[in-house]
Amino acid sequence: MKKFNLRQCFACAKTEYIKWVCDARMVILGVLLIFIYNFAIQPLLQNAEKMNEPLNMLEPFIAVANSGAVLMIIPLVFMTLIADFPKIDNNTVFYIMRIGRKNWLTGQIIKLVMMAASYLAVIFVGSVVPMITRGFWYNGWSNVVTNFKNVFPEQSMNFGVQLVPENLYNQLTVFEAAVKSYLLVFAYLMIIGLILLSLSLIKHKTLGFVSCGAVIALGTAFCSIKTSLMWTMPMANSIIWLHFTKYFRVPEVSITFSVVYLVTFVAALIIFCYIMIGRFNYDNVSEIAS
């Protein structure tokens with residue numbers, strides 16, 4: 001058995017991550033950013049123009065990370081971008097044999113962390129850049145978000161108003177909302193990737209896609225009807241405003257619960273992967289990819 005070597009793990013992750021970044025599928029990211037701008041950023045900018053007030057530069061990203069519709073698209077696009085994760089073919093099998101199963105698996109998990117973090121970073125940058133000349137940087141909500149309904153009561157159901165609800169700006173600071181949104185959505189993406197990884201190791205990659213699709217679809221459906229079952233899915237646990245009421249500090253469900261839920265889900269999948277890599281057999285590589 002090969003000894004655990006963290007340097008080899010990072011080398012494996014780095015090599016495969018570079019290949020992933022250079023993949024032609026990355027063009028989908030551009031399409032996603034255009035969708036995000038039109039769906040989430042433009043409505044906020046239109047409200048800002050009506051009030052002749054600036055937005056906080058972080059508010060568009062917070063809106064993106066807390067929109068049920070966008071948070072259905074983000075994991076689906078991520079799943080598309082990592083569709084061949086983990087990439088296992090005849091050459092990969094020889095590579096696994098050379099560096100060791102656990103070193104390879106650790107490299108895959110590091111790669112997944114890098115993919116999820118950089119994917120969200122691109123979304124963050126894509127949300128913030130349009131605000132550079134039209135927003136301000138401060139740990140406080142803009143008047144556009146907090147006061148638009150008072151200035152234009154006839155437009156209280158305006159879509160831009162709904163993007164950042166009272167559940168957010170009455171309960172959290174801007175910086176706190178942005179950081180927690182990033183970390184919770186990151187954990188959601190990790191779960192999607194780890195489901196693909198774990199089921200690939202038992203030669204059921206197609207089932208992995210079906211399972212990821214089910215997790216996303218059920219999470220979206222439960223959140224849309226606001227049933228208590230939504231807390232059994234990663235999606236609700238990654239949307240901050242769902243945790244709070246509009247005005248009272250007592251949360252509907254604590255952020256701590258969601259953190260424990262997401263971390264436990266991630267940890268369980270990682271443990272399962274390490275158990276299965278020990279039983280991983282190279283007899284039929286084509287079975288692993290299907």
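Predicted model: local features only at pLDDT ≥ 70, side-chain atom pairs only at ≥ 80, totals over all residues.
## Overall architecture

The chain contains 14 helices and 2 strands. Along the principal axes, its C-alpha atoms fill a box of roughly 70 × 40 × 30 Å.

When contacts between residues at least 6 apart in sequence are considered, 80% of them join residues at least 24 apart.

## Helix H13 and its cover

Helix H13 comprises 23 residues, 255–277. The distance from its first C-alpha to its last is 33 Å, close to the 33 Å expected at 1.5 Å a residue.

The buried residues of this helix are Ile-255, Ser-258, Tyr-261, Leu-262, Val-266, Leu-269, Cys-273, Met-276 and Ile-277. An α-helix has 3.6 residues a turn, so residues three or four places apart point the same way. The elements that cover the buried residues of H13 include helix H6 (101–128), helix H10 (174–201) and helix H12 (234–237).

## Helix H4

Helix H4 spans residues 70–81 and has 12 residues. Its end-to-end C-alpha distance is 16 Å, close to the 16 Å expected at 1.5 Å a residue. The buried residues here are Val-70, Leu-71, Ile-74, Pro-75, Val-77, Phe-78, Met-79 and Leu-81.

## Ser-181 in helix H10

Helix H10, which is among the elements covering the buried residues of H13, contains Ser-181. This serine counts as buried because its relative accessibility is 0%, below the 20% cut-off. Leaving aside residues up to four places away in sequence, Ser-181 touches Ala-65, Asn-66 and Ile-240.

## A nonpolar surface patch

Phe-4, Leu-6 and Phe-10 form a nonpolar patch on the surface. Together, these three residues have about 330 Å² of accessible area.

Phe-10 is located in helix H1, which runs over residues 6–21. Its relative accessible area is 45%, so Phe-10 is classed as partly exposed, a class that lies between the 20% limit for buried residues and the 50% limit for exposed ones. Ser-181, by contrast, counts as buried.

How values were computed
Residues numbered from 1 in each chain as written. Heavy atoms only, no water. Patch = residues over 30% accessible without salt bridge, like charges linked within 9 Å, V, L, I, M, F, W, Y side chains within 5 Å. Areas by Shrake-Rupley, 256 points an atom, 1.4 Å probe, with all protein chains shown as cover. Salt bridge = Lys/Arg side-chain N within 4 Å of Asp/Glu carboxyl O. Helix = DSSP H or I, 4+ residues; strand = E, 2+ residues; numbered from the N terminus. Buried < 20%, exposed > 50% of the residue type's maximum accessible area, 1.4 Å probe, protein only. Expected span 1.5 Å × (residues − 1). Contact = heavy atoms within 4.5 Å.
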